Amino acid sequence: MREFTHTLTGVVGTAGFHRAQFLDVLAAHLDDQRVEIHFSKRLVSYSDAAGSSVRMAFADGSSASADVLIACDGIHSIVRRQLLKEAAVKCENAGSKEDILLAERMRASIEPVWTGWIVYRSVVQSKKFAER
């Protein structure tokens with residue numbers, strides 16, 4: 001369990017990107033004949049049984065299944081909320097003191113929290129970045 005949660009939360013937290021740019025890049029590299037992307041849908045929940053596809057339920061009453069769910073649902077992420085709640089329960093059920101503390105950290109990460117940091121976005125050419 002610790003290996004999974006370490007990968008999930010990382011040492012320095014989660015990584016973020018500009019959602020629209022990420023979606024544009026992702027869509028440009030997927031085969032339209034084999035992949036269906038659901039834009040402008042509000043996810044309500046998902047289920048992920050071991051060995052089967054991910055089943056997604058949307059607010060408009062529709063649903064879909066997929067092999068992979070890539071969550072780009074923003075700061076109030078339904079996916080993050082459900083994923084962390086389920087992972088916290090697994091940690092608590094593992095029963096060790098370390099796992100219970102990890103579960104508490106996961107539950108504390110469910111809701112977005114103001115960190116006090118202000119970040120400005122900018123585009124830097126990779127060549128200039130590599131020089132530093």
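The second largest pocket of this predicted model holds about 1000 Å³ of space. A pocket is an open set of points on a 1 Å grid over the protein atoms alone, where a 1.4 Å probe fits, with protein on both sides within 12 Å along at least five of seven lines. The volume is the space filled by probe spheres set on the points, which are joined across faces, edges and corners. Of the 31 residues that line this pocket, Ile37, His38, Met56, Leu69 and Ile70 are the closest to its centre; a lining residue has an atom within 4 Å of a point.

**Basis of the values**
- Local features need pLDDT of at least 70 and side-chain atom pairs count only at pLDDT 80 or more, whereas totals for chains, interfaces and linings use all residues.
- Residues are numbered from 1 along each chain as its sequence is written, and side-chain values use heavy atoms, with hydrogens and water left out.

**Overall fold**
- The protein chain contains five helices and three strands, where helices (H or I, at least four residues) and strands (E, at least two) are DSSP runs numbered from the N terminus.
- From the N terminus on, the order of elements is α-α-β-β-β-α-α-α.
- Of the 132 residues in the protein chain, 14% are buried; buried means under 20% relative accessible area, exposed over 50%, and partly exposed in between (1.4 Å probe, protein chains only).

**Pocket lining**
- Helix H2 (19-28), strand S2 (54-58), strand S3 (63-66) and helix H3 (78-94) each supply at least two residues of the lining of the second largest pocket.
- This lining has 19 nonpolar, five polar and seven charged residues. Ala, Val, Leu, Ile, Met, Phe, Trp, Tyr, Cys and Pro count as nonpolar, Asp, Glu, Lys and Arg as charged, and the others, Gly among them, as polar.

**Nonpolar cores**
- The largest nonpolar core has eight residues, namely Leu84, Ala87, Ala88, Cys91, Leu102, Ala103, Met106 and Ile110. Such a core is a set of buried Ala, Val, Leu, Ile, Met, Phe, Trp, Tyr and Cys residues joined through side-chain atoms within 4.5 Å.
- H3 and helix H4 (97-108) each supply at least two residues of this core, and its largest share, four residues, comes from H3.
- Another core, of seven residues, lies apart from it and includes Val54, Met56, Phe58 and Val79.

**Two loop residues**
- His18 is placed in the loop between helix H1 (2-9) and H2, and counts as partly exposed because its relative accessibility is 33%.
- Val113 is placed in the loop between H4 and helix H5 (126-131), and counts as exposed because its relative accessibility is 62%.
- Val113 and Ile75 are 38 residues apart in sequence and 9.6 Å apart in space, C-alpha to C-alpha.
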